[in-house]
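Reader: I am new to this structure. Please start with a single part and look at it closely. Then lead me on from there.

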Amino acid sequence: MAYDIQKIRADFPILHQNVYGKPLVYFDNGATSQKPQSVIDAISKVYKEINSNIHRGVHYLSTRTTDKYENARKIVKEFINAGHFHEVIFTSGTTASINSVMYSFGEKFVNKGDEIIISAMEHHSNIVPWQILCERKGAKLQIIPFNENGELLLNEYEKLLSEKTKLVAINHVSNTLGTINPVKEIIKIAHRNDVPVLVDGAQAVHHTKVDVQDLDADFYAFSGHKAYGPTGIGVLYGKEKWLEAMPPFLSGGDMIKTVTFEKTVYNDLPFKFEAGTANFVGAIGLAEALKYITSVGTENISLHEAGLLEYGTKKLEEIADLKIYGNARNKASAISFLLKNIHHSDVGIILDKLGVAVRTGNHCTQPIMDKFDISGTVRASFAMYNTKEEIDVLFDGLKKIIEMFS
Ligand code: PMP
């Protein structure tokens with residue numbers, strides 16, 4: 001089926017506006033993506049028709065909201081091909097998912113002298129939690145380096161693995177460099193050493209097909225808001241055997257079976273990890289977003305975005321004074337770059353006046369900036385609704401900025 005970009009664009013109301021009198025070009029999708037009407041409608045429908053707290057109510061509205069919430073879990077399960085629906089835990093986002101594993105898995109399985117492996121291209125959300133764990137437990141963080149193109153050095157990774165390694169935590173797609181990491185291979189290597197792997201999929205699920213069973217990931221984390229869904233909702237997938245063995249992280253309502261002052265019996269999975277009133281509206285909205293992605297087709301989206309990446313890279317490379325950071329062979333649709341002698345913030349501010357929204361700064365990946373000895377980059381990240389014509393607007397804007405500064 002042909003990729004109907006106009007139909008897709010029509011589904012996203014926010015795209016059809018002018019900023020500073022110029023048509024909006026939204027290239028900040030790596031930070032958060034826009035929402036289709038169906039997601040906005042699904043959220044509004046909950047509040048208009050069925051809003052009621054889940055799980056504990058016997059009345060009509062509560063059972064309907066509960067059904068919708070649990071159906072959302074099934075939709076997530078199918079989307080990532082989890083083995084069981086109770087392996088899907090709703091959290092507030094990727095950061096919360098990673099922190100849950102850090103506290104819970106870390107509490108049980110990480111001790112003094114142990115090691116955790118991450119990479120040098122992680123988002124701060126997949127660095128700082130492990131630093132805190134290491135500090136708390138007297139464990140050590142080991143870092144997989146990457147080359148000038150932004151590709152992980154797998155031979156160095158293999159050397160880091162030892163009987164001290166308790167977990168590998170790695171991003172699927174780098175938000176700054178766009179690198180699609182070979183997570184399946186990374187997991188295979190870790191498993192050869194009996195080490196579980198957490199994958200930070202914040203930048204992956206909406207760009208590429210994710211099958212957690214095929215990857216054999218032990219944990220997989222992602223956020224709703226980057227995947228065309230609402231904010232404040234995310235997912236932690238975990239293999240049953242780990243989740244069963246791990247203690248609850250947050251405690252309170254819903255995660256219990258019985259409570260007496262003498263003893264509390266925890267609830268079964270997945271509820272053991274969903275203390276308090278869950279963001280059921282967010283989960284229902286996220287399910288709608290995943291349905292939308294599925295209706296367009298993940299492969300179609302990947303193809304469309306690969307076309308944008310190729311076109312955008314070629315176009316930007318035409319600019320002599322522009323340097324791209326991140327040239328991995330396997331790359332998702334984000335381009336980080338700098339214009340010679342022009343600060344990234346200046347580029348972002350002027351592009352904004354031309355209607356083009358990009359992100360500037362270190363993108364929560366300071367160690368990547370340190371590696372390239374820069375303070376930040378300009379990042380244009382493309383989504384399923386972006387077009388080559390919009391890339392032309394970015395290109396013309398950059399030419400204008402160079403002229404202004406020359
Ligand atoms: N990991 C990566 C690779 C990201 O890009 C982001 C968001 N920029 C996060 C983690 C954190 O996601 P959230 O803020 O939704 O928790």
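Author: P270 is found in the loop between β12 (264-266) and α10 (280-296). Helices (H or I, at least four residues) and strands (E, at least two) are DSSP runs, numbered from the N terminus. The model is predicted, so local features need pLDDT of at least 70 and side-chain atom pairs pLDDT 80 or more, while totals for chains, interfaces and linings use all residues. Residues are numbered from 1 along each chain as its sequence is written, and side-chain values use heavy atoms, without hydrogens and water.

The bond between L269 and P270 is a cis peptide bond, with omega about 0°. Most peptide bonds are trans, and most residues other than glycine have a negative phi. Two aspartates have a positive phi. For D216, phi is near 65°. D216 sits in the loop between α8 (212-215) and β9 (219-223). Its relative accessible area is 33%, so D216 is partly exposed. Buried means under 20%, exposed over 50%, and partly exposed in between (1.4 Å probe, protein chains only). For D254, phi is near 75°. The loop between α9 and β11 (256-259) holds D254. D254 counts as buried because its relative accessibility is 13%.

The structure has 13 aromatic pairs. Rings of Phe, Tyr and Trp (its six-membered ring) pair if their centres lie within 6.5 Å; planes under 30 degrees apart are stacked, over 60 edge-to-face, and the rest tilted. F105 and F109 form a tilted pair, because their ring planes stand at 40°, with the centres 4.9 Å apart. Both belong to helix α4 (residues 94-109), where they are four residues apart, or about one helical turn. F105 is buried, at 1% relative accessibility. F109 is partly exposed, at 22%. F105 also pairs with W242. Here the centres are 5.5 Å apart and the planes at 65°, so this pair is edge-to-face. F105 and W242 are both buried.

Helix α4 also holds S104. S104 is buried, with 1% relative accessible area. Its side chain reaches the backbone oxygen of P247 at 2.5 Å. This is a polar contact: a pair of N or O atoms within 3.5 Å; within protein, one must be able to donate a hydrogen and the other to accept it, and residues adjacent in sequence count only if both atoms are side-chain atoms.

Other rings follow. One aromatic cluster is formed by F12, Y228, Y292 and Y385. The charged end of K315 sits over the ring of F395, 4.3 Å from its centre. K371 places its charged end over the ring of F146, 5.1 Å from the centre. The test: NZ of Lys or CZ of Arg within 6 Å of the ring centre and within 35 degrees of the ring normal.

Residues around the ligand include T94, T95, H123, D200, Q203 and S223. A side-chain N or O atom of D200 is 2.5 Å from a ligand nitrogen. A polar side-chain atom of Q203 is 2.7 Å from a ligand oxygen. For S223, a polar side-chain atom lies 2.6 Å from a ligand oxygen. The protein covers 85% of the 400 Å² of accessible area that the ligand has on its own. Accessible areas come from the Shrake-Rupley method with a 1.4 Å probe; for residues, only the protein chains shown count as cover.

Technical notes:
Near = heavy atom within 4 Å.
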